[in-house]
Amino acid sequence: MGSTIAQKILKAHLVDGEMVPGQEIGIRIDQTLTQDATGTMAYLQFEALGVDQVKTERSVAYIDHNTLQSGFENADDHKYIGSVAKKHGIYYSKAGNGICHQVHLERFGAPGKTLIGSDSHTPTGGGIGMLAFGAGGLDVAVAMGGGAYYIPMPKMVRVTLTGKLSPWVSAKDVILEVLRQMTVKGGVGKIVEYAGPGVATLSVPERATITNMGAELGATTSVFPSDGETKRFLEAQGRGDVWVELASDPDAVYDEEYTVDLSALEPLAAMPHMPDNVKKVSEIGAIKIDQCCIGSCTNSSYYDMMKVASILKGKTVHPGVSLTISPGSKQVFHMLAQNGALGDIIASGARILECACGPCIGMGQSPESAGVSLRTFNRNFEGRSGTQDAQIYLVSPEVAAASALAGVLTDPRTLGEMPAIEMPAQFVINDNMIVPPAADPAEVEVVRGPNIKPFPLGEALGASYTGKVVLKTEDNITTDHILPAGAKLLPYRSNVPYYANYCFINVDPEFPARCKAQGGGIIVGGVNYGQGSSREHAALVPLYLGVKAVLCKSFARIHKANLVNSGILPLTFADPADYYSIGLLDEIAMTNVREEIESCEQVTVVCGGKTFKADCEVSERQRGALLAGGTLNYARQNAQ
């Protein structure tokens, strides 16, 4: 029996466990990345490990999230990250150099390598044949220190692409169609691999758009073959020497298979408020819009920006629409300026933003009250834009640009013949905003601003636990629900005590106060709890507030791992019907919890006179971490 691409890379990097679906495996990590919204905590954790220099082939710290400096907090965090990077062997990509995933694809990613990043869209690297995973900051810190990255061995999913995209249909429509078929929880515990004759028709930027939004499937990661198109991209980046060919074996076996006929697709949109709420643009109709935002790590490549520039050239943005453009990297921005495309964009009336995540994480450009915003981003969760009642649609750059001109949602196929956009034979290469680590680390002093506070550590699991239900939620709670992002709150990612005041405020404004009054407690949730970003703050802040367990119907992968890392019990109902018997502020008792966790038994839960069972499906390593009160405590115990 042959192997898939993912199985080949995993086997080459396997250091612990057996590659049996569902069993935990540990893999060696070649590269890591962080971004500044999660990076400060990741580097505080790295420092706590006591490792002098990173052990990876390449680790890069990017400044791309908290670039709005309306106070000292973000600048202080950047100074801290830059000094830690210089001291410990990490490359530092300065603010303005671009979005981590776009820059990493351009300058550092390599086929066949493993990459983890403290950002859920790290699977973008699968566009060039990497096995790239989003992870919590502590997992990234451990990998930088030379430790293995642990995941449950995923199932394998094959998406066969046939045909070729029609004019005005793009890669964004491909991944929206996959989301329509698989849903936001359809990829949990799986690696999605793209294959078939349609792959050869897609450029690397198009492939990266598809793997980027694989995060919205809940997938462990997504990957494309490394072929001649990959080689051409890397050679154009001056990095042809890192290319290797990668393909699945003809007799590889997959657990699930899907097919997408590229030639049958038409422009699609994800409607509010979930990436899998997908309909045809032609079906939605010409709804009035207020804003279009083009960019993000999903659609900010040179290829995407050139398509936008060609649509806007010689035309004017509708007077009722605000159009923003965020190039994904300095390289993209520079090339647009050199070839005149930037002038065409500016002349149309578009607003040019810096090369950063920006509106995608609510960092500026929040829509007006109840405004309709078309965005080329990857998530349209309620409130993520910074405006709670905004109506956010996810669309391709072509749809966004055409709609910005018309003032209503517009099918770009109405624009006539599509301009031909060619990938450049040579990209402009200028890495002068990437700072290498110091030649003499001893000379570097790590700088810590006053906003940087110690991160919370869990306590060893007691013999029993009794606490109140401090929150009960519905299905598909995202990490944006748990801890909002945006310009007002992101500067406090390194200050957990302050950030704790905003935990779950868009779900239940009384949650922080209730947690404090009860001395912590238990959160009860529905299906796919914790989907979305990799932000470990969504576990660290509840830990700080005294949350001891999350009891739900099912978890998203990264958030469950972050809960374990923090020492919070991730419990699932053995019988999902028991969810309905629990109410807010009900008392829950787990009278034998430590022994049951130690014995790998189901946890006995008593609530309101009713007794039921909950599962704690974790590996032996994770079990040890839960008993110790978190992964850092567990690592320190084992080091003694």
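The charged end of K553 sits over the ring of Y579, 4.5 Å from the ring centre. A charge counts as over a ring if NZ of Lys or CZ of Arg is within 6 Å of the ring centre and within 35 degrees of the ring normal. R58 also lies over a ring face, that of Y91, at 4.2 Å from the centre.

This is a predicted model: local features need pLDDT of at least 70, side-chain atom pairs count only at pLDDT 80 or more, and totals for chains, interfaces and linings use all residues. Residues are numbered from 1 along each chain as its sequence is written, and side-chain values use heavy atoms, with hydrogens and water left out.

Now the aromatic rings. The structure holds 12 aromatic pairs. Rings of Phe, Tyr and Trp (its six-membered ring) pair if their centres lie within 6.5 Å; planes under 30 degrees apart count as stacked, over 60 as edge-to-face and the rest as tilted. F133 and Y149 make a tilted pair, 5.6 Å centre to centre with 55 degrees between the planes. F133 belongs to strand 7 and Y149 to strand 8, so the pair ties together parts 16 residues apart in sequence. Strands (E, at least two residues) and helices (H or I, at least four) are DSSP runs, numbered from the N terminus.

F133 is buried, at 0% relative accessible area. Y149 is buried too, at 3%. Buried means under 20% relative accessible area, exposed over 50%, and partly exposed in between (1.4 Å probe, protein chains only). The ring centres of Y579 and Y580 are 5.0 Å apart and their planes stand at 90 degrees, so this pair is edge-to-face. Y579 is buried at 5%, whereas Y580 is exposed at 59%.

Two strands pair if DSSP finds at least two bridges between them. Strands 10 and 11 are joined by 3 bridges.

Among the buried ones are R557, H559 and N565. G567 follows the helix, with a positive phi near 85 degrees.
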